[in-house]
Amino acid sequence: MRPSEFLTALVSHFFVSHSEFVILDCDTCHIPMAVWKQHGVNPPETVVEQMKKKAKELFGDAVTFRMKMRKIPSHYHFHIIHHQE
Ligand SMILES: [Zn+2]
């Protein structure tokens, strides 16, 4: 599946491309973020759970999620904060 124009504009590095979402480096924050592929702000809870699960697979159980959407308020995403031990 091809990423949308929105994603192409944003992407520097993909970690994962899933049928419902992608995980990639945020160009603004330089940390990973998970982005729902559909335009909108209310993904099904099951999709959100899948996004969080995949983030933990990639970055470990110690990650936390910054759910506040400042830069792109109309397109569901969250940042993945990785805590170094
Ligand atoms: Zn960001």
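Biologist: Over how many bridges do β4 and strand β5 pair?

Modeller: This is a predicted model, where local features need pLDDT of at least 70, side-chain atom pairs count only at pLDDT 80 or more, and totals for chains, interfaces and linings use all residues. Residues are numbered from 1 along each chain as its sequence is written. Strands are DSSP runs of E of at least two residues, numbered from the N terminus, and two of them pair if DSSP finds at least two bridges between them. β4 and β5 (residues 77–81) are antiparallel, with Thr64 opposite Ile81, and the number of bridges is three.

Biologist: In what order do the five strands form the open sheet?

Modeller: The pairing is antiparallel. The edge strands, each pairing on one side only, are β1 (14–17) and β4 (64–66). The order is β1-β2-β3-β5-β4.

Biologist: Where is Lys68 found, and how far apart in space are Lys68 and Phe78, C-alpha to C-alpha?

Modeller: Lys68 is in the loop between β4 and β5. In sequence, Lys68 and Phe78 are ten residues apart. Their C-alpha distance is 6.9 Å.

Biologist: Is Lys68 buried or exposed?

Modeller: A residue is buried if 20 or more other C-beta atoms lie within 10 Å of its own, exposed if 12 or fewer, and partly exposed in between, with C-beta atoms placed from the backbone. Lys68 has 8 other C-beta atoms within 10 Å, so Lys68 is exposed.

Conventions:
Helices (H or I, at least four residues) and strands (E, at least two) are DSSP runs, numbered from the N terminus.
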